[in-house]
Amino acid sequence: MEYNLADLFESVVDVVPDREALVYVDHPGTGAERRLTYAQLDAAANRVAHHLLDSGLKPGEHLGLHLYNGIEYLQTVLACLKARLVPVNVNYRYVEEELVYLYNDADLAALVFEGEFTERVAAALPQTPGLRHLIRVGSASEGAPRPSVAPLSYADAEAAGSPARGFPPRSPDDLFIIYTGGTTGMPKGVMWRAEDLFFAGLFGGEPSGEPVKRPEELAERVAARGAGLTFFPAPPLMHGTSTLTSFIAFNYGQRVVIHRKYAPEEVLRTIEKEKVSSVSLVGDAMLRPLIDALNGPLKGTDLSSLFSVSSSGAIMSETVRAEFQRLVPNVQLLNNFGSSESGSNGRATDDAGPEKGFRLVVNDRTQVVDPVTHEAVPVGVPGRLAQRGHVPLGYYNDPAKTAETFFQKGAERWVLLGDMATVDEEGIVTVLGRGSQCINTGGEKVYPEEVEQALKSHPDVYDALVAGVPDPKWGSHVAAVVQLRAGSPEPTLEEIQSHCRTRLAGYKIPRQLVITSAIQRSPSGKADYRWAKSVATRADADPAR
């Protein structure tokens, strides 16, 4: 047995076949749900895997998942792993031009897509000649054009395949590709070997202890461990974090609950009903609506089963964490830190916030290095986060970006991340922000995340993004794009500046304030900085602002 994700999953199935593995809640409020045991999920994935191979797809070819959350998403990922096909996540918000780019860049040979997206798929298909096999989940939208390649229904594809295993041997070198969101540029496909992803992204089968030392040990630990934990990845599965969270739970022999879409009130109802233990989400954009619901229509919801809420991809601000902790005092709030290129890097300290910065306890594979020499930086000197050991092979179809981001030092392979950071005498890392979003104003560097934390501590601010806007005097100035709490009075720029001045150095204070009805983020809650910069730049050019 190898460190192969499909082999590892099957080893868990064999020791806890009758344990509940996956619960799916359909459109919020409908009450519809599906439940699968480990044996049932395994057989369902086998059926789709055999269908894909019987349809002429070959090991190593790529399959796109253009889907909302559902049983079919995780079932298809498992089917790909079993058949040695490469699963590729597709952002369901993409329109024709973006889909054409991703379908071609990823060299998709097959696509499993939501019926609701039929029109977009049909428009992109003539420009993606390599895509030859389509499977549709659900019905196509009424009046949608037919794709040039006739899709098979998911139900028919599943029914056509054998529920037995019977697959050729697999390898720890089998690929898993995670496409980044593309909020700061075109999306890139991060190529992970199965073994590397298991240790870097799935904690080696043990998120709170020592990783397994041999593949067979995973199932041995599951067999010795009882059931009783329920993991609830709330963001879309199309973003790597939620899919990896699901596999962490599977490797632990526990239960996964998923919703089709994020609906805060339904999330709370599901936590109560399913006795959820751990919820993963993305920053304030997902946590704040839960607070609103607990203060309003869902006040008194029984969350006694919940012991942790974790965020990855965006931080939960100090202010929002304090609000949630007041309502649910016994829950541990965890700001995890990682990326598509590194898996997990570490976790924020309890005192991380506007005053002390976003401070991390990192794992022993993470360092702050000079981006040119790749040597560790001295204490207090800014550098780039980097990770060694179990790292991806590179970016698919992008050798130039791969050479820029991945490097060899000694006998180990490293990845250079986009986050600027410093390290102190105790080894605590303070993340300054993404280098690509850094604002240079009058020669000083300002990282948006730090200013956003200060803004969100204002009692009238619900959400905020910060961007740099071209400025004839300073090169760029700091602009705050702010969404207010419902019913709050509109603050002046001077009021916002006065509030921030108690938390930030003078050069970091916003010089421009734009009030917007809603902050635009990805479905997972990640910041859309291109949008924020566009909004602020347009407002700056408007003399009537």
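The charged end of K409 sits over the ring of W414, 4.3 Å from its centre. A charge counts as over a ring if NZ of Lys or CZ of Arg is within 6 Å of the ring centre and within 35 degrees of the ring normal. This is a predicted model: local features need pLDDT of at least 70, side-chain atom pairs count only at pLDDT 80 or more, and totals for chains, interfaces and linings use all residues. Residues are numbered from 1 along each chain as its sequence is written, and side-chain values use heavy atoms, leaving out hydrogens and water.

**Charge over a ring**
- R225 places its charged end over the ring of Y252, 3.7 Å from the ring centre.

**Aromatic pairs**
- The structure holds 13 aromatic pairs. Rings of Phe, Tyr and Trp (its six-membered ring) pair if their centres lie within 6.5 Å; planes under 30 degrees apart count as stacked, over 60 as edge-to-face and the rest as tilted.
- Y38 and F250 pair edge-to-face, 6.0 Å centre to centre with 80° between the planes. Y38 lies in helix α2 (residues 38-54) and F250 in helix α9 (residues 240-251), so this pair ties together parts 212 residues apart in sequence. Helices (H or I, at least four residues) and strands (E, at least two) are DSSP runs, numbered from the N terminus.
- Y38 is buried at 0% relative accessibility, and F250 is buried at 0% as well. Buried means under 20% relative accessible area, exposed over 50%, partly exposed in between (1.4 Å probe, protein chains only).
- Y92 and F117 form a stacked pair, 6.3 Å centre to centre with 15° between the planes. Y92 is in the loop between β4 (86-89) and α4 (96-105), F117 in the loop between β5 (108-114) and α5 (118-124), 25 residues apart.
- Y92 is buried at 12% relative accessible area; F117 is buried at 0%.
- Ring pairs join F9, Y38, F247 and F250 into a cluster.

**Sheet and helix**
- Three strands form an open sheet in the order β25-β26-β27, with mixed pairing. Two strands pair if DSSP finds at least two bridges between them.
- β25 (461-471) and β27 (512-515) are the edge strands, each pairing on one side only.
- β25 and β26 (residues 475-484) pair in the antiparallel sense over 10 bridges. V466 stands opposite A480 in β26.
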